[in-house]
Amino acid sequence: MCNSLKRCVFVCLSVLVSQEVLQTIPKFCFPFDVERVSHNQVGQNFTFVLTDIDSKQRFGFCRLTQGCRVCICLLSYLPWFEIYYKLLNTLADYLTKQQEDDLNDMLNSLYDLPVPKPFTPVNLSVHSYFIAPDINGLPTIPESRNLTEYFVAVDVNNMLQLYASMLHERRIIITSSKLSTLTACVHGAAALLFPMYWQHIFIPVLPPHLLDYCCAPMPYFVGVHLSLLERVRSRSLEDVVILNVDTNTLESPFDDLHNLPSDVVSSLKGKLKKQSTATGCGVARAFLRAQAALFGSYRDALRYKPVRTQSSITTDHQSLPLLMCSTQ
């Protein structure tokens, strides 16, 4: 146990980290204004992300408990959201009942566990059983907590506006008063870019000491707890897209959705409003088809230039908009 920010943080490291990263973790475990936020954050599961110099992501799966005085954190390279949230609930129960032996046994079993293949059953203890997920498959509703929360909290119009802003690589902030909803919506929205992914600054929940990142001149996609949003707005923000999940409102200085082919947008919107799309992989598949329609013909814009010394392939940028507009 360690004391930080007048809170206690219990961290289980399933990956090797430097001392510097270890000292940073407690700040990510309490990513809100500790003077303003009440105990309604207790029992919430949320996820932060640490990205190293090689763009490799480590996920911090967290659960606040005991009046926001304790945060249980599991650090892993595996984006097993539902599995780790289930384990966190069990660990929190052990911690509340002071069953330290059971808690330590589960943590040791988890730490020593080799990475199982997808769909492999895993037994950590009498109270913990799960099946290893397939992280390469399309997320489904309601199995994917992130996509489910995002689809329930945000209406179709705002979902499409945010999707267009991501494609235009804007500076994007999502905010909510609930940490669980906040990080779920950030991860859920980003997942809809599949098979592409967000390649710029990506911080699903921004701790107070990193709020200046919102003034960065480059594209970013971050989550900010509502208790910190006033501090963010007081900074010099330029051309920032802000989605408030609590009120389902989106602020944007751009009309990015208008720049996308109308037939693709209309088809995607129609699919998302169908009742049959709301379960299974319907939502993810609808966005995947939109991606195929938008970018499936990009190869037609490639130009091969044979040269004696070294041939090259270039992109005809003038033809790209025409190809997108002609795509059905």
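## How confident is the model?

Let's start with the confidence scores. The chain averages a pLDDT of 85, and 84% of the residues score at least 70. Among the elements of the chain, strand E8 (residues 171–176) has the highest mean pLDDT, at 98, while strand E1 (residues 2–4) has the lowest, at 41.

Two stretches call for some care. Over residues 1–6 the pLDDT is below 50, and this stretch has eleven contacts in the model beyond near neighbours in sequence. Residues 320–328 also have a pLDDT below 50, with 15 contacts of that kind. Where pLDDT is low, the predicted coordinates should not be read in detail.

## A hairpin of two strands

Now find strand E3 (residues 45–51) and strand E4 (residues 57–65), which pair in the antiparallel sense over seven bridges. As one example of who faces whom, threonine 47 stands opposite phenylalanine 61 in E4. The two strands form a hairpin with five residues between them, and serine 55 in the turn has a positive phi of about 65°.

Is E3 mostly covered or mostly open? Strand E3 is mostly covered, with six of its seven residues buried.

In soluble globular proteins, nonpolar side chains tend to be buried together. Here, the largest nonpolar core has 98 residues, and those with the most contacts inside it are Phe48, Tyr150, Ile173, Ile174 and Phe221. Helix H2 (residues 81–96) gives the most to this core, with nine residues. The core draws at least three residues from each of domain 1 (19–132) and domain 2 (145–273).

Which residues does isoleucine 173 touch, leaving aside its neighbours within four places in sequence? Isoleucine 173 is in contact with Cys214, Tyr220, Val222, Val224, Val232, Val240, Val241, Ile242 and Leu243.

## A covered helix

Helix H4 (residues 145–153) has these buried residues: Asn146, Leu147, Thr148, Tyr150 and Phe151. Their cover includes H2, H5, helix H6 (179–191), strand E11 (240–244), helix H8 (262–272) and helix H9 (282–295).

One of those covering elements, helix H5 (residues 156–167), is the place of asparagine 158. Why does asparagine 158 count as buried? Its relative accessibility is 11%, and buried means under 20%. Leaving aside neighbours within four places in sequence, asparagine 158 is in contact with Leu243, Asn248, Thr249 and Leu250.

## A buried proline in a loop

Loops can be worth a look too. Proline 116 is found in the loop between helix H3 (100–112) and strand E6 (121–125). Proline 116 counts as buried because its relative accessible area is 16%, under the 20% limit.

Leaving aside neighbours within four places in sequence, proline 116 is in contact with Trp80, Val122 and Ala132. Proline 116 and isoleucine 131 are 15 residues apart in sequence, and their C-alpha atoms are 9.0 Å apart in space.

## Salt bridges

Side chains of opposite charge can pair when their charged atoms come close. The count for this model comes to six salt bridges. One of them joins the side chains of arginine 145 and glutamate 149, at 3.4 Å from N to O. Why are these two separated by about one helical turn? Arginine 145 and glutamate 149 are four residues apart in helix H4. An α-helix has 3.6 residues a turn, so residues three or four places apart point the same way. At 25% relative accessibility, arginine 145 is partly exposed.

Another salt bridge forms between aspartate 212 and arginine 235, whose closest N and O atoms are 2.8 Å apart. This pair links distant parts of the chain, 23 residues apart: aspartate 212 is in the loop between strand E9 (201–203) and strand E10 (220–225), and arginine 235 is in the loop between helix H7 (229–233) and E11. Aspartate 212 is exposed, with a relative accessible area of 53%, whereas arginine 235 is partly exposed at 27%. The side chains of glutamate 251 and arginine 233 also meet in a salt bridge, at 2.7 Å from N to O. That pair, too, links distant parts of the chain, with glutamate 251 in strand E12 (residues 249–251) and arginine 233 in helix H7, 18 residues apart. Glutamate 251 is partly exposed at 39% relative accessibility, and arginine 233 is partly exposed at 42%.

Methods:
Residues are numbered from 1 along each chain as its sequence is written. This is a predicted model: local features need pLDDT of at least 70, side-chain atom pairs count only at pLDDT 80 or more; totals for chains, interfaces and linings use all residues. Side-chain values use heavy atoms; hydrogens and water are left out. Buried means under 20% relative accessible area, exposed over 50%, partly exposed in between (1.4 Å probe, protein chains only). Two strands pair if DSSP finds at least two bridges between them. A nonpolar core is a set of buried Ala, Val, Leu, Ile, Met, Phe, Trp, Tyr and Cys residues joined through side-chain atoms within 4.5 Å. Domain bounds come from an automatic or database domain assignment. Contact means heavy atoms within 4.5 Å. pLDDT is the predictor's confidence in each residue, from 0 to 100. A salt bridge is a side-chain nitrogen of Lys or Arg within 4 Å of a carboxyl oxygen of Asp or Glu.
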